[in-house]
Amino acid sequence: VMMFGCYWESRRLVTSLSREAVAADGAELTVPGWVWLASLGAVILPALNCLQRGQVGVVKLYFLMLGLRLAWEGRTRRDWFLAGIVLASPIVLKLTPVLPVSCLMLLLLVRGWRDRAREPRATWDQAWSASFGVVAGCALFFLVIPAALIGWDANLRNLETWYRDV
């Protein structure tokens, strides 16, 4: 299910980027069929490797792609905040997604700084809402949900064990 979710997110991201390219110069941009097959292959080959070993790489990839699309296509603070929460979920599964999520947040902040004269509110709102969503999502997924399920003491013990060992 996550593999097909990654495939559909790839299609939606390419479609979204195609709309942006058409809006920029007015020319029609069509995506060849081989691009869809290449995106499917790009998802399936690593996914099969991950699934053979019982790893969660496909789950992380899906949430990263979903969060990227929500951050890219979002138009309100709520959309960008939700994108941040979605982007926090793969960080909880494994720490390596911190790098692409941090790069996206940095990109949004730089874009907000660059576009401050043209669109002062929208780009800053997007950057700060998504960043706050990531922080809130990490707090939710690291502290609140586990504490609600196993209790604060057990969760803090598990986090301390994780911190010591990892």
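No disulfides were found in a search of the whole structure, a disulfide being a pair of cysteine sulfur atoms within 2.5 Å. The structure is a predicted model, in which local features need pLDDT of at least 70 and side-chain atom pairs count only at pLDDT 80 or more, while totals for chains, interfaces and linings use all residues. Residues are numbered from 1 along each chain as its sequence is written, and side-chain values use heavy atoms, with hydrogens and water left out. Relative accessible area is classed as buried (under 20%), exposed (over 50%) or partly exposed (in between), with a 1.4 Å probe and protein chains only. On this scale Cys-103 is partly exposed, at 46%, whereas Cys-138 is buried, at 18%.

The search for salt bridges over the whole structure returned six. The criterion is a side-chain nitrogen of Lys or Arg within 4 Å of a carboxyl oxygen of Asp or Glu. One of the pairs joins Arg-69 to Glu-73, with an N to O distance of 3.3 Å. Both residues belong to helix α3 (residues 57-73) and are four residues apart, about one turn of the helix. Helices are DSSP runs (H or I, at least four residues), numbered from the N terminus. Arg-69 is buried, with a relative accessibility of 7%, and Glu-73 is partly exposed, at 23%.

The relative accessibility of Arg-77 is 45%, which counts as partly exposed, while that of Asp-125 is 15%, which counts as buried. Arg-164 and Asp-165 also form a salt bridge, with 3.9 Å between the closest N and O atoms. Here Arg-164 is exposed, at 52%, and Asp-165 is exposed, at 57%.

A nonpolar surface patch of about 670 Å² is made by Leu-143, Val-144, Ile-145, Leu-149, Ile-150, Trp-152 and Leu-156. Helices α6 and α7 (152-165) are the elements that give two or more residues to this patch, and the largest share, five residues, comes from α6. Patches consist of residues with over 30% relative accessible area and no salt bridge; like charges are joined within 9 Å, and nonpolar side chains (Val, Leu, Ile, Met, Phe, Trp, Tyr) within 5 Å. Accessible areas come from the Shrake-Rupley method with a 1.4 Å probe, and for residues only the protein chains shown count as cover. Val-144, found in helix α6, is partly exposed, at 43% relative accessibility.

Grid points are joined across faces, edges and corners, and a volume is the space filled by probe spheres set on the points. The count comes to one cavity of 30 Å³ or more, and the volume of the largest cavity is about 30 Å³. Its lining consists of Ala-71, Trp-72, Leu-104, Leu-107, Leu-108, Arg-111 and Gln-126. Helices α3 and α5 (98-114) are the elements that give two or more residues to the lining of the largest cavity, with α5 giving the most, four residues.

Definitions and conventions. 1 Å grid on protein atoms, 1.4 Å probe; cavity = no way out; pocket = protein on both sides within 12 Å on 5 of 7 lines; lining within 4 Å.
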